[in-house]
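User: I am new to this structure and want to learn how to read its features. Could you take me through them one at a time?

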Amino acid sequence: SSDLADLNHYAIGVTRKFGFGTLGLGVVGLGLSGIDSDRDQVPGFIEDFEPFDTNTGSYDYQDLAIGLTWADNITDQLSVGLTGKLINQSIDDESATAYALDVGAIYRVGYRGARIGARLNNLGSDIDFFDRASAPLPLIFSIGTSIDLLEEDDRGNKLTVMADATKPQDSDQLVFGAAELQILKMLKLRGGYKFNYTGVTDDKTDETSGNTGEALSAENPTSTNFTSDRTEEGYTFGLGVDVPVSDYHVTVDYAYTEFGILDNVHRVSLLLTF
């Protein structure tokens with residue numbers, strides 16, 4: 001779980017291998033509590049909209065996704081996976097539900113641990129609020145690869161680099177890069193950066209005044225230069241420790257993400273294999 005700008009985020013999952021493949025069940029949530037009821041304007045396309053929670057002066061927002069996953073090795077080189085998801089969004093006492101499918105595959109090249117993977121996320125129905133406000137799920141296609149620049153030696157040292165090209169349906173092409181240094185098979189040091197995302201500024205439109213990101217000029221004297229950073233997210237660093245405990249295998253991962261004007265984020269995850 002993590003907390004950023006009063007947002008609460010949590011994720012939990014469990015997997016088990018069967019004769020027909022591996023099944024997994026996961027839950028992911030994102031929410032915000034105590035939003036002032038009078039902070040936003042009423043959307044113009046909702047004529048009979050009543051302000052949220054006028055009795056208490058505030059309302060809550062919550063995203064929830066429950067996913068059931070199947071994955072298996074089709075051959076020694078090819079693995080595939082499918083995830084069916086139920087997605088629910090709630091704002092105060094209003095809620096909407098959608099269904100989606102994620103599809104992915106990994107191909108092992110057979111050279112220096114090289115792998116090529118591809119995935120399609122959120123192929124499914126729209127989210128519908130008030131029978132008038134319909135929004136499609138964010139369809140995302142990614143293709144990525146990883147390779148061991150230094151193959152694992154007798155002491156368990158290894159250096160792996162990774163790249164992921166991601167294209168959201170409603171955004172520009174993004175490229176994510178990362179590297180992982182494994183030391184003595186137990187300790188992993190990691191770092192990553194999101195190109196065409198971190199440090200990028202976009203032109204925006206002020207929905208209230210109608211101002212856009214166009215610069216002031218003699219031909220357009222009433223416009224203002226309204227821009228915004230695409231994200232406050234910066235570099236990411238982390239480490240992982242693998243510890244065998246009796247008949248179990250425990251992995252503890254830590255990640256730090258720089259978030260500019262927001263609070264920097266610390267993530268801790270625990271993986272128990274038995």
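User: Where is Ser 246 placed?

Analyst: Ser 246 sits in the loop between β16 (236-245) and β17. Strands here are DSSP runs of E with at least two residues, helices are runs of H or I with at least four, and both are numbered from the N terminus. Before we go on, note that this is a predicted model: local features need pLDDT of at least 70, side-chain atom pairs count only at pLDDT 80 or more, and totals for chains, interfaces and linings use all residues. Residues are numbered from 1 along each chain as its sequence is written, and side-chain values use heavy atoms, with hydrogens and water left out.

User: Is Ser 246 buried or exposed?

Analyst: Start with the cut-offs. Buried means under 20% relative accessible area, exposed means over 50%, and partly exposed is in between (1.4 Å probe, protein chains only). Ser 246 counts as exposed because its relative accessibility is 68%.

User: What separates the C-alpha atoms of Ser 246 and Phe 274?

Analyst: Compare the chain with space. Ser 246 and Phe 274 are 28 residues apart along the chain, and their C-alpha atoms are separated by 10.0 Å.

User: How many helices and strands does the protein have?

Analyst: The count is zero helices and 18 strands. Of the 274 residues, 24% count as buried.

User: What is the accessible surface of the protein?

Analyst: Accessible areas come from the Shrake-Rupley method with a 1.4 Å probe; for residues, only the protein chains shown count as cover. The total here is about 17,800 Å². Carbon and sulfur atoms hold 57% of that surface.

User: How do I read contacts, and what do residues 24 or more positions apart account for?

Analyst: Contact means heavy atoms within 4.5 Å. Take the contacts with a separation of 6 or more: residues 24 or more positions apart account for 43% of them.

User: Show me one such case. What does Ile 35 touch?

Analyst: Ile 35 belongs to strand β3 (residues 21-36). Leaving out residues up to four places away in sequence, Ile 35 touches Gly 57, Ser 58, Tyr 59 and Tyr 61. Tyr 59 is 24 residues from Ile 35 along the chain, with 5.2 Å between their C-alpha atoms. Ile 35 counts as buried because its relative accessibility is 11%.

User: Next, the cores. Which residues form the largest nonpolar core?

Analyst: A nonpolar core is a set of buried Ala, Val, Leu, Ile, Met, Phe, Trp, Tyr and Cys residues joined through side-chain atoms within 4.5 Å. The largest one here has eight residues: Ala 65, Ile 87, Ala 96, Ala 98, Ala 100, Ile 127, Phe 129 and Leu 137. β6 gives the most, with three residues.

User: What is Ala 98 in contact with?

Analyst: Set aside its neighbours within four places in sequence. Ala 98 is then in contact with Lys 85, Leu 86, Ile 87, Ser 125, Asp 126, Ile 127 and Leu 137.

User: Lys 85 is on that list. Is Lys 85 buried or exposed?

Analyst: Lys 85 counts as buried because its relative accessibility is 16%. Its strand is β5 (residues 78-91).

User: Which side chain makes a polar contact with Lys 85?

Analyst: A polar contact is a pair of N or O atoms within 3.5 Å; within protein, one must be able to donate a hydrogen and the other to accept it, and residues adjacent in sequence count only if both atoms are side-chain atoms. The side chain of Lys 85 is joined to that of Asp 102 by a polar contact of 3.2 Å.

User: Now the loops. What is phi of Arg 112?

Analyst: Phi of Arg 112 is near 50 degrees, a positive value in a residue other than glycine. Arg 112 is in the loop between β6 and β7 (115-124). Lys 185 is not a glycine either, and has a positive phi of about 65 degrees. Lys 185 lies in the loop between β12 (174-183) and β13 (187-195).
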